[in-house]
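Colleague: I'm new to reading models like this one. Please pick a single spot, look at it closely, and then show me how you would read a few other parts in the same way.

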Amino acid sequence: MNIQIKKGLDIKLAGAVDPAAKVVTASQPQSVAVTPDDFPGFTPKPEVKEGDTVKAGSPLLRDKNDENVKIVSPVAGRVAAVVRGERRKIERVVVEPDGTDAALGFKNSGVYSREAAISLLAATGMLARMRRRPYGIVPRTGETPRDIFITALDTAPLAVPMTKIVDGHKAELEAAVKLLSELTAGKIYLSVGKDWTMGAVAGAEMVTVEGPHPSGNVGVQIANIAPINKGDIVWTLDVVTLYKIGVVATKGAVDCSTIVAVTGSEVKEPALVKTVEGAQISSIIDGRLAKTDHHVRIISGNVLTGTAVDGSDYLRFPYRQITVIPEGDDVEEFMGWASMSPSKQSTSRTFPGHFLGRAFTPDARILGGRRAMIMSGEYDKVLPMDIMSEYLIKAILGRNIEEMEKLGIYEVIPEDLALCEYVDTSKIPVQQIVREGLDYMRKELE
């Protein structure tokens, strides 16, 4: 199957990594952490306390609503802290590595029933890395998905192809697909791009996708392959998670290493850095940032959907990218957002930067004030899904469940509308609104 996506927008930013660059190894972080907020729908309950010794793969947290679902430690070491915030909410669990390779082993026979397969995924933390639609949350062990969708594309700004991580690991991918096939009576779709060189993966229906961002988003792929209807449940994951499931299936161990693309205009030499999931940001970026006298914003993730962090914070799921751009809070600019400077990036033909087609160095300012929503059709130009996105946002703001269902809320999660937020002249926090709408729907209907 071939899909050609026409709507969308590739944002050209300075600071890209050469995909052919060699991977360098970061220094061992002083600490690593898992952050429950990275796993929507997961209500954390600690499995450890401060001072406990853990192995790589040992459970740190379990889900209060489905106690079989765990989040595991990326390293062997000592639990340094279970950090709590307001109302004792668990914000993160911090582990100090001990420098050993001690890892928890998981039994697997290679021949699975559904019960054995789901139990293995839940215990190893792999289920927590997957997402269930509707609602974009961690799947439940007791539900059966109609289909499972896997994306091998990352079209977000400055992202490095996921094939860089999984090339040469076809055996693990096929083992993972075999395991996942026990969980659904439907199909397992694997969407790949033109850079895919490993051919067909046994057990998966291969889909070739071309087009601008957000063609790499699994939600866009679902909408163009087999859309979600009311009452349907599908599970999604990316090919890196598929590979890690394959490692569990073939070796009985959790692979918590990761390759991080350190990108952005404030990076001296963008690079691919091998480290461990949840590593402290400073262990990855120290010595890699350009010397500058202005403020910078460090983002764990990409500029559209990532989380703002600082050097003392930790790498956030899905653990594959750090972007560093100017903050912009110390900039004095003639005419501000209305400046006609050709260095200003814009999707509007009003600005000369629209026609230049070069890489830009924007900062983190929103360049304008938030205002009432303007029904301009801007969202439809960059969203390749058959939904009326502007009307959907209004229905969410009005908490109109019936209208939200009619307008397609079951098909989307915040990342699908990230470009809508980028082009929005009203500066509305679209992703936040969608997340709140999904959480409201789940609270009211489940």
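Modeller: Let's start at E378. If you skip its neighbours within four places in sequence, E378 is in contact with E390, V423, D424 and T425. Keep in mind that this is a predicted model. E378 itself belongs to helix α8, which covers residues 378-382. Is E378 buried or exposed? Its relative accessible area is 16% and the cut-off for buried is under 20%, so E378 counts as buried. Its side chain also makes a polar contact of 3.0 Å with the side chain of S376. For a sense of how the chain comes back to this spot, look at L419: it is 41 residues away from E378 along the chain, yet the two C-alpha atoms are separated by 10.0 Å.

Helix α1 runs over residues 114-123, and its buried residues are A117, I118, L120, L121 and A122. A handy bit of background: an α-helix has 3.6 residues a turn, so residues three or four places apart point the same way. What covers the buried residues of α1? The cover includes β7 (66-72), α2 (126-129), α4 (170-180), β14 (234-238) and α6 (239-251). After α1 comes G125, with a positive phi near 85 degrees.

Two of those covering helices, α4 and α6, also meet each other. Their axes come within 7 Å and cross at roughly 85 degrees, which makes α4 roughly perpendicular to α6. The contact of α4 with α6 is made up of twelve nonpolar residues, two polar ones and one charged one. On the α4 side you'll find E172, L173, A175, A176, V177, L179 and L180, and on the α6 side V239, L242, Y243, I245, G246, V247, A249 and T250.

The strand β7 from that list takes us to a sheet. Three strands make an open sheet in the order β4-β6-β7, and the pairing is antiparallel. Its edge strands are β4 (44-46) and β7, each of which pairs on one side only. From one strand to the next the twist averages 40 degrees. Between β4 and β6 (residues 59-63) there are three bridges, and K45 has R62 as its bridge partner in β6.

V34 stands opposite V93 of β9.

Let's finish with a strand that has both kinds of partner. Strands of a sheet pair through backbone hydrogen bonds, either parallel or antiparallel. Strand β15 (residues 257-263) runs parallel to β19, and three bridges join them; A261 has Q321 as its bridge partner in β19. Strand β17 (residues 296-300) pairs with β19 in the antiparallel sense over five bridges, and I299 stands opposite T323 of β19. Why is β19 (residues 321-326) called largely enclosed by the rest of the structure? Because six of its six residues are buried.

Key:
Residues are numbered from 1 along each chain as its sequence is written. This is a predicted model: local features need pLDDT of at least 70, side-chain atom pairs count only at pLDDT 80 or more; totals for chains, interfaces and linings use all residues. Side-chain values use heavy atoms; hydrogens and water are left out. Buried means under 20% relative accessible area, exposed over 50%, partly exposed in between (1.4 Å probe, protein chains only). Helices (H or I, at least four residues) and strands (E, at least two) are DSSP runs, numbered from the N terminus. Contact means heavy atoms within 4.5 Å. Axes are lines fitted to C-alpha atoms, for helices over the stretch in contact, and angles run from 0 to 180 degrees between N-to-C directions. Angles under 35 degrees count as roughly parallel, over 145 as roughly antiparallel, 65 to 115 as roughly perpendicular and the rest as oblique. Ala, Val, Leu, Ile, Met, Phe, Trp, Tyr, Cys and Pro count as nonpolar, Asp, Glu, Lys and Arg as charged, and the others, Gly among them, as polar. Two strands pair if DSSP finds at least two bridges between them. A polar contact is a pair of N or O atoms within 3.5 Å; within protein, one must be able to donate a hydrogen and the other to accept it, and residues adjacent in sequence count only if both atoms are side-chain atoms.
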